[in-house]
Amino acid sequence: MSNLYLYNIGQIVTRPGSTAQHGAEAMRQIGVIEGPAAIIVRQGKIAFVGTMLEAEQVDHTDCVAYDAQGGCVLPGFVDSHTHLIFGGYREDEFQWRLAGDSYMSIMERGGGIANTMKATRSATAEELTQRASAHLDAMLSMGVTTVEAKSGYGMELDTEIKQLEVIRTLQEQHPIDLYPTFMGAHDTPPEYKGCSTDFIHYLCDTVMPVVVERGLAECCDIFTEKGVFDHEQTRILLTRAKELGLKVKMHADEIVSFGGAELAAELGCLSADHLLQISDKGIQALAQSDTVATCLPCTAFSLGEKYAPARRMIDAGCAVAVASDLNPGSCFSSSIPLMFALATIYMGMTVEEAVTALTLNGAAAIGRADQIGSIEVGKAGDLALLRFPSYKFLSYHFGVNLVRATIKAGTVYENKLVTPTPSV
Ligand code: NIG
Ligand code: FE
């Protein structure tokens, strides 16, 4: 772990705080320090943040110096919702959807998640690791330093464990920090066709205890949706998950308005995710709770659906996060530039709100807002250094990776200025 003196910074966005930021006023207070400024990272943690003048009073002879060349520095981005581990691809289904087919009708015909399930069951752990690692490389190059990763393409004991073990291997091998989520309740597998409640009990009694005993997950997620899992099944699974010491979250109100946001607030979920079809009551419930409202704009974009009402949710007092939902079906992209563009141009968020949504509120959505998501002494030395002098370029210079280097726990990973894409 190297000690770092990052100097000649044009602007620092500190995004202070250690909890989820609710509402427009809090989400816009991103704590800008104008340069020339500097940051010192020691033993992986931020030890100093301030102007270069202030930095001159601080000894940094033990640090490797790195010239920020006037670029803006933000907290490393937190992608708080991904389905990173999967076998196979679904490029044909994507073309069917372009031709008018719907996500749910493809799923009902045995495609969709079930298609990826088959490929993931038959993939080796090495294949899954290699592919996911290449995606993490791409994410690192876009300034991402922490990624939530779900299982859920096994839907039976061995493959769920295989996916979670791949996440653990990546945590050891890759610079990005991972937050492992068990999502066995992603769909009902063919073995339990027509018996989804029996499947939920199988997850509760046979799979989750092994996951917990082996320390393979920190959280449990479920696809609560009309025709997938209902409220009662969600309650059974997430209550058991909490009993076993897991945090909980939900895919909620994605395809139809289903009262998912209200249930997520009631069950004390870390986050309710998607929310394209959230009701006014759902917005009120999230605004009054600690549950983060996570928007996944690349999924809405890819499905050609309307976006989650982020503006209304923020104005009502919700803590909104933005994440990618990277997966081979509804959203095969983890693009930070696209997320900034969609959040600001289509979802009505200010760039300051989008910055909070991808840093501190993303951290809160995985229960880590006290460790990451802001540039403050004692927090992790996780930073995104831009090639431009202001955070405002993140929406203005749209669709382009602006990251010069990503700093993870004080180690600098320079971006080669192309976003690598896995070739496997
Ligand atoms: O978040 N909605 C459920 N799960 C994923 C999609 C997974 C897939 O299609 O493979 C999502 O959109
Ligand atoms: Fe998802």
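Between domain 1 and domain 2 of this predicted model, 13 residue pairs are in polar contact, both partners at pLDDT 80 or more. Two salt bridges are also counted between domain 1 and domain 2. On the domain 1 side, α1 (23-28), β5 (72-75), β14, α17 (393-396) and β15 each supply at least two residues that touch domain 2. Domain 1 is made of two stretches, 4-75 and 374-414. Domain 2 runs over 77-365. Taken over C-alpha atoms, the centres of the two domains are 29 Å apart. The contact takes 33 residues from domain 1 and 37 residues from domain 2.

The size of an interface is often given as the accessible area lost when the parts come together. Here the area buried between domain 1 and domain 2 is about 2600 Å². Carbon and sulfur atoms give 67% of this area. Three residues stand out on the domain 1 side. His 22, Met 27 and Lys 408 supply 24% of the area that domain 1 buries against domain 2, more than any other three residues.

Lys 408 also takes part in salt bridges. Its side chain meets that of Asp 177 at 2.8 Å, N to O. A salt bridge also joins the side chains of Lys 408 and Asp 382, with an N to O distance of 2.6 Å. Lys 408 lies in strand β15 (residues 403-408), whereas Asp 382 lies in the loop between α16 (360-364) and β14 (383-386), so this pair ties together parts that are 26 residues apart in sequence. Both Lys 408 and Asp 382 are buried.

Salt bridges were then counted over the model. The count comes to 17. One of them joins the side chains of Arg 121 and Glu 156 at 3.9 Å, N to O. The bridge counts because the cut-off is 4 Å. Arg 121 sits in helix α5 (residues 113-122) and Glu 156 in the loop between β7 (144-150) and α7 (157-173), so the pair links parts that are 35 residues apart in sequence. Arg 121 is partly exposed, with a relative accessible area of 26%.

Another salt bridge lies within a helix. The side chains of Asp 315 and Arg 311 meet at 2.9 Å, N to O. These residues are four apart in helix α13 (residues 310-315), so about one helical turn separates them. Asp 315 is exposed, at 53% relative accessibility. Arg 311 is partly exposed, at 21%. Together with Arg 28 and Glu 353, Arg 311 and Asp 315 are linked in a network of salt bridges.

The model also holds an iron ion (ligand 2). The ion is coordinated by His 81 (NE2), His 83 (NE2), His 251 (NE2) and Asp 325 (OD), at 2.1 to 2.2 Å. In sequence these donor residues are spaced H-x1-H-x167-H-x73-D. His 83 lies in the loop between β6 (77-79) and α3 (91-98), and His 251 lies in strand β10 (residues 247-252), so this pair ties together parts that are 168 residues apart in sequence. His 83 is buried, at 3% relative accessibility. His 251 is buried too, at 3%.

Asp 325 has a further partner. The side chain of Thr 299 makes a polar contact with the side chain of Asp 325, at 2.9 Å. Thr 299 is placed in helix α12 (residues 297-303). At 1% relative accessibility, Thr 299 is buried. Leaving aside neighbours within four places in sequence, Thr 299 is in contact with Glu 254, His 274, Ser 324, Asp 325, Ser 330 and Cys 331.

Methods
Residues numbered from 1 in each chain as written. Chains lettered and ligands numbered in written order. Predicted model: local features only at pLDDT ≥ 70, side-chain atom pairs only at ≥ 80, totals over all residues. Heavy atoms only, no water. Buried < 20%, exposed > 50% of the residue type's maximum accessible area, 1.4 Å probe, protein only. Donors = N, O, S within 2.8 Å, 3.2 Å for Na, K, Ca; no water. Polar contact = N/O pair within 3.5 Å; in protein donor to acceptor, adjacent residues only side chain to side chain. Contact = heavy atoms within 4.5 Å. Domains from an automatic or database assignment. Buried area = accessible area lost by both parts, 1.4 Å probe.
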